Amino acid sequence: MQVYLDNNATTMTDPAVVEAMQPFFSEIYGNPNSLHKFGTASHPALRNAMNQLYSAINAADEDDIVITSCATESNNWVLKSVWVDHILNGDKNHIVTSEVEHPAILSTCKFLEEQGVKVTYLPVNDQGIVEAHTVKSFITEKTALVTIMWASNETGMIFPIKEIGEICKEKGVLFHTDGVQAVGKIPVDLQDVHVDFMSMSAHKFHGPKGVGALYIKNSQPLTPLMHGGEHMGGRRSGTLNVPYIVGMGKAIELATENIEEKMASIRAKRDRLEDALLELPDTFVVGDRENRTPNTILISIKGVEGEGMLWDLNNTQIGASTGSACASEDLEANSVMLAIGADNELAHTGIRLSLSRFTTDAEIDYTIAQFKNAVARLRAISSSYAIQKPTKGGEALECELHHH
Amino acid sequence: MAKNDLLGASLWDAYSNKVTTLMNNPQHQGEISEAEAEARGNQLIVADFGAESCGDAVRLYWEIDPKTDKIVNSKFKSFGCGTAIASSDVMTDLCIGKTVDEAVKITNIDVEFALRDDPDTPAVPPQKMHCSVMAYDVIKKAAGLYKGVDPESFEEEIIVCECARVSLGTLKEVIKLNDLKTVEQITDYTKAGGFCKSCIKPGGHEAREYYLVDILADTRREMDEEKMKAAADAGTSGKFEEMTLVQQIKAVDAIVDENVRQFLVMDGGDMEVIDIKTGDEYIDIYIRYLGACNGCASSSTGTLYAIESTLKEKLSQKIRVLPI
């Protein structure tokens with residue numbers, strides 16, 4: 001058996017999505033901007049996809065959902081264009097974000113800091129979320145934008161987007177949320193919460209990679225990131241990626257129809273897995289279940305180093321993550337673990353398991369068994385569980401020279 | 001960045017078979033208790049290096065025959081990734097049968113080499129080279145405990161790059177000898193900074209005491225100072241060609257003051273040195289006449305000749321004086 005439990009990194013494209021995309025490669029391939037019938041043949045499917053997107057996140061007709069290449073592009077677009085529109089060509093100079101955002105936000109903020117923008121990185125509480133009152137206290141008259149993720153890729157924790165939205169509205173500050181981990185996992189209703197901009201990505205909800213979107217409330221102005229032809233009403237140039245737009249529409253529809261039911265089903269499996277793993281001594285899971293995306297577990301296992309654990313899981317055909325897929329090659333401590341103030345020791349013991357609607361009960365059973373075996377093997381090797389104490393003077397100081 | 005770097009490496013595929021075999025099934029994992037060692041009349045040494053909070057920790061056990069100082073048995077425990085486990089395992093293997101004095105000579109490079117399937121292919125990808133460094137550190141610590149000395153005393157030089165074991169002294173020498181100007185050149189010449197990259201600049205995998213960027217800057221500054229000092233020495237010893245521009249201008253001024261200026265001033269004129277340009281054949285000294293000299297017929301003939309011949313005689317035969 002093989003089990004894919006890294007769905008916060010990316011998901012399997014739903015075969016129904018692939019099927020919906022199929023005609024738009026070699027059969028209906030015209031450029032939608034062309035006047036001839038080859039071009040216009042794709043229009044019904046594109047319109048359908050847009051309807052699927054608008055309805056999935058309950059966007060109003062006066063709002064824009066602009067198709068991009070990925071959420072990284074959407075995030076860059078908002079940050080860089082708010083900089084151009086309101087800082088370079090306005091009287092603002094400040095952006096508020098959090099310490100636990102995705103690199104697409106954090107690296108862009110670092111870039112903007114190099115350009116002279118002031119950026120405040122808000123801390124998270126012990127649940128790994130930014131509290132609304134913290135956001136409120138850091139907004140100044142110079143603040144152009146608040147950007148806070150809807151849900152964390154690493155912990156699955158859901159941020160108080162409704163409250164933060166109200167605060168931003170009241171203060172007259174633009175509000176962007178990286179909705180990548182929320183859309184398709186939990187209900188997202190953009191007429192219920194006040195959000196000016198929201199980024200999303202199809203491959204996180206069983207759509208194809210290489211396509212995403214930016215939601216823009218009330219079609220408000222935002223200088224384009226991609227200049228070119230008059231695609232997407234001039235908001236984002238580049239020939240429309242027809243099959244992928246169709247695929248994203250189909251994927252978001254499949255992910256969000258009866259979402260409560262899907263959530264309950266995924267959550268039941270997740271909770272069962274979580275309960276079983278927590279039977280292991282010296283373990284804990286980050287964040288309250290009730291306020292977490294229903295598919296995610298970030299568990300710390302004392303004495304077991306994260307990458308070592310991934311290796312053992314991989315040997316049993318189970319794919320998991322030590323946190324962010326981006327971080328798994330650079331040997332860093334889990335930054336979210338550090339940000340939530342977890343003991344330094346635990347920053348290297350985090351394993352993230354993220355389920356999908358395709359995860360089966362049999363896979364959960366298999367994972368529970370293999371996971372426990374791996375922990376047993378690695379703890380048997382682990383110095384953390386050694387009995388014989390070091391010779392006097394041979395104890396390691398906390399992190400001697402080797403620290404992060 | 002180039003074609004091979006754009007998609008990122010598949011880290012685990014770069015491990016040697018030995019590494020993966022030992023990761024999955026370490027041979028010397030375990031403990032030796034005080035009682036076991038005593039029962040065999042041996043001394044137990046247990047040393048820790050690293051900590052869970054660092055992401056890497058190893059505990060090394062040596063059972064030593066006190067009559068021969070020989071390590072008769074050795075085990076390890078490790079909190080770390082698979083390569084840390086494999087490195088610890090091979091380290092333990094290398095220790096067994098050696099005396100403490102022999103064991104302390106084992107370096108991380110020996111450990112990595114022992115993990116290779118064939119001598120020419122590294123056992124682990126560059127960013128994992130660091131895992132074997134702990135093996136070296138913990139051996140020094142164990143040896144220090146046994147001999148009752150500071151583990152640092154085994155280190156004869158300051159190691160800047162632990163992965164490639166390149167010392168501060170070597171780095172400075174190589175930078176100077178080859179006139180290196182970038183960190184990339186340092187890596188090409190010495191391998192330092194080519195692995196986990198921690199030693200390149202602050203903010204890497206781990207904090208270091210010395211960084212290549214600082215060593216490069218300091219050494220370049222030292223080189224400049226040496227050059228200046230050499231030039232200054234040349235100035236006092238009178239080698240005009242080797243002086244810096246400022247020294248040359250000062251030297252010319254001094255000669256003019258001593259031998260020429262008084263005559264110009266007597267006639268209501270003066271001169272100043274504008275610039276000095278050193279070519280292959282000539283050293284051109286550009287001057288400007290002031291006051292009455294300006295436009296005086298002799299200024300381009302007799303006076304000029306007098307100035308030039310004085311400077312040639314006192315400073316260098318290559319000098320040409322060019323009024324502008």
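Q: How far apart do the C-alpha centres of domain 1 and domain 3 of chain B lie?
A: In this predicted model, the C-alpha centres of domain 1 of chain B and domain 3 of chain B are 71 Å apart.

Q: Which residues belong to each domain of chain B?
A: Domain 1 covers 3-156, domain 2 covers 166-220 and domain 3 covers 238-323.

Q: How many residues of each chain take part in the contact between chain A and chain B?
A: Contact here means C-beta atoms within 7 Å. On that basis, 39 residues of chain B touch 32 residues of chain A.

Q: Which elements of chain B supply at least two residues each to the side that touches chain A?
A: Helices α1 (17-24), α3 (82-95) and α6 (133-147) of chain B do. So do strands β1 (43-51), β2 (56-65) and β3 (70-79) of chain B. The largest share, seven residues, comes from β1(B).

Q: What is the make-up of that side by class?
A: The side of chain B that touches chain A has 18 nonpolar residues, 12 polar and nine charged.

Q: Now a sheet in chain A. In what order do its three strands stand?
A: The order is β9-β10-β12 (chain A), in an open sheet with antiparallel pairing. The twist averages 25° from one strand to the next.

Q: How many bridges join β10 to β12 of chain A?
A: Five bridges link β10 (residues 296-301) of chain A to β12(A), and the two run antiparallel. S300(A) sits opposite G350(A) in β12(A).

Conventions. Residues are numbered from 1 along each chain as its sequence is written. Chains are lettered from A and ligands numbered from 1 in the order in which they are written. This is a predicted model: local features need pLDDT of at least 70, side-chain atom pairs count only at pLDDT 80 or more; totals for chains, interfaces and linings use all residues. Two residues are in contact if their C-beta atoms, placed from the backbone, lie within 7 Å. Helices (H or I, at least four residues) and strands (E, at least two) are DSSP runs, numbered from the N terminus. Ala, Val, Leu, Ile, Met, Phe, Trp, Tyr, Cys and Pro count as nonpolar, Asp, Glu, Lys and Arg as charged, and the others, Gly among them, as polar. Two strands pair if DSSP finds at least two bridges between them. Axes are lines fitted to C-alpha atoms, for helices over the stretch in contact, and angles run from 0 to 180 degrees between N-to-C directions. Domain bounds come from an automatic or database domain assignment.
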